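Here is a walk through one protein model, written for someone who would rather look at the fold than read a methods section. Have the viewer open and follow along.

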Amino acid sequence: MNKLFTPFQLGPITLRNRFIRSAAFENMCTGNTPSEMLHNYHVSVAHGGVGMTTVAYCAVDLSGVSFDGQLYIRPEALPGLRKLTDAIHAEGAKASIQLGHCGNMTHFSTCHCMPVSASNGFNLYSPTIHRRLKVSEIKQMVRKFGEAVDFCREAGFDCVEIHAGHAYLISQFISPRTNHRHDEYGGSFENRVRFLNEVLDEVMLHAKDDMAVVVKTNMWDDCWHGSDIDEGIRVAKEIAKHHVHGIVLSGGTVSRSPMTILGGAMPIKTLAHYMPMKTMWWLKAALNIPFVGDIMTPTVPFHELYFMEQAKRFLQAFNDDPQLANDPKCPTLIYVGGVQSGDNCQQIMDEGFELFQLAHVLIKDPDFVNHVQQNAHYHAGCNRSNYCVGRMYTKEMKCHECVERDGEVIPCNIKREIARLEKQAHESMSKK
């Protein structure tokens with residue numbers, strides 16, 4: 001347990017321990033501006049003992065915004081973010097922010113333009129038509145990522161995390177499922193990772209020697225015609241060439257296999273209840289039809305550390321590559337997925353990972369890290385109903401236990417769903 005609470009050098013910054021709050025979307029920025037709720041949540045997590053907390057999914061441009069409660073890079077956000085990073089630092093933690101672009105995972109009413117992607121098409125889950133980016137627009141988007149790093153430095157962040165997974169824009173270029181281009185950005189693997197490489201070149205140029213850079217990537221897409229594990233390893237090695245400081249190993253596709261990302265079952269009734277009628281009326285209606293929701297978001301049986309076996313393949317691939325193994329600037333591979341207890345944290349260290357990210361337990365219990373320091377076997381008791389995820393289309397990220405404690409009423413049918421899904425997750429963990 002001692003190693004968990006030792007400092008770690010992540011590029012130019014030193015983390016006080018090995019715990020990182022992952023970039024789980026908070027939906028706490030009404031009007032796309034930092035709120036008191038966002039401030040209080042991340043400060044509570046920093047006070048709870050993490051080495052670094054990550055503000056989730058800040059779009060580099062308005063065209064990349066998926067939710068009304070999401071940040072995007074603009075001057076109006078600067079004062080609130082500066083206040084937030086100062087408060088995080090006062091608690092002894094480092095502050096990171098995730099930068100990305102949702103691509104086609106949005107709607108005109110949210111991003112105020114026709115959604116863009118690697119290729120033309122129709123996104124059933126928005127639903128919306130989207131268009132391919134012109135080469136000149138790709139170059140402009142690359143510059144926006146670099147400018148966003150400068151903005152984040154001014155806002156007081158120590159680290160940026162580039163989101164290159166989960167079928168958002170960078171991933172839409174990488175995956176053969178969504179990239180049907182016939183120019184220098186499509187076709188071969190080298191062409192499909194060109195946008196990623198250009199973004200990382202620009203990011204590292206702007207990060208200079210005072211900001212850490214982490215990249216979230218997919219180990220595999222877990223959908224038809226998507227990238228598999230072998231291609232995921234190739235992508236991770238491309239990322240490593242840029243000498244970023246960390247690579248977060250995730251997986252899954254938000255519009256095809258969301259429960260691969262989250263683990264467990266999607267709370268369909270919760271999702272339908274909180275989904276906005278204005279932009280997602282058809283999906284809201286479909287989810288209320290028996291069994292349709294289960295078909296659209298199939299359950300992935302939950303078990304603790306559910307990405308471990310896949311992540312170990314990446315760790316082995318990096319260790320077996322002489323060029324990477326002997327490179328002092330080789331990025332640290334960061335584990336994420338299903339961390340529930342102090343024992344889980346110790347197992348991650350034992351498997352050879354130096355850092356890991358966690359979110360669900362910090363939604364329920366912001367003091368999780370302090371509890372683990374006091375009790376090596378502490379378990380957060382998160383029973384994985386994923387209620388916190390299901391409500392995020394129109395409400396802030398919040399555990400159902402915290403919702404009820406704060407006096408908000410949860411409808412009876414959703415309470416029954418929570419109980420059923422928690423029992424299901426418990427049985428799945430027992431079998432594992």
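Which residue in S4 does Ile20 stand opposite? That would be Met52. Keep in mind as you click around that this is a predicted model.

**The barrel**

Ile20 and Met52 face each other where strand S3 (residues 19-21) pairs with strand S4 (residues 52-59). The two strands run in the parallel sense, with 2 bridges between them. In general, strands of a sheet pair through backbone hydrogen bonds, and they can do so either parallel or antiparallel.

Zoom out and you'll find S3 and S4 in a barrel closed by 8 strands, with parallel pairing.

Helix H4 (residues 135-154) touches strand S5 (94-100) and strand S9 (159-164). The direction of H4 makes about 160° with that of S5. Helix H15 (residues 342-350) touches S3 as well as strand S12 (332-336) and strand S13 (355-358). For H15 the angle is about 145°, taken against the direction of S13.

**Helix H1**

H1 has a buried set made up of Leu38, His39, Tyr41, His42, Val43, Val45 and Ala46. Those buried residues pack against S3 and S4, and also against H2 and helix H16 (360-364). Just after H1 comes Gly49, with a positive phi of about 115°.

**Salt bridges**

Side chains of opposite charge can pair when their charged atoms come close. The structure holds 26 salt bridges, and here are a few of them.

| Pair | N to O distance |
|---|---|
| Arg82 and Asp86 | 3.5 Å |
| Arg132 and Asp183 | 3.3 Å |
| Asp210 and Arg153 | 2.9 Å |

How far apart in helix H2 (residues 78-90) are Arg82 and Asp86? They are 4 residues apart, which means a separation of about one helical turn. Arg82 counts as partly exposed because its relative accessibility is 36%, and Asp86 counts as partly exposed at 39%.

The pair of Arg132 and Asp183 meets in a salt bridge too. Arg132 lies in strand S8 (residues 128-132) while Asp183 sits in the loop between helix H5 (169-174) and helix H6 (189-192), so the pair ties together parts that are 51 residues apart in sequence. Are these side chains' residues buried or exposed? Arg132 is partly exposed, with a relative accessible area of 33%, whereas Asp183 is buried at 18%.

Asp210 and Arg153 make the other bridge in the table. Asp210 is in the loop between helix H7 (194-207) and strand S10 (212-218), and Arg153 belongs to helix H4, so this pair ties together parts that are 57 residues apart in sequence. Asp210 is partly exposed, at a relative accessible area of 38%, and Arg153 is partly exposed at 22%.

One last stop: a network of salt bridges links Arg391, Lys395, Glu396, Lys398, Arg405, Asp406 and Glu408.

Methods:
Residues numbered from 1 in each chain as written. Predicted model: local features only at pLDDT ≥ 70, side-chain atom pairs only at ≥ 80, totals over all residues. Heavy atoms only, no water. Pairing = 2+ DSSP bridges. Contact = heavy atoms within 4.5 Å. Axes fitted to C-alpha atoms, helices over the stretch in contact; angles between N-to-C directions. Salt bridge = Lys/Arg side-chain N within 4 Å of Asp/Glu carboxyl O. Buried < 20%, exposed > 50% of the residue type's maximum accessible area, 1.4 Å probe, protein only.
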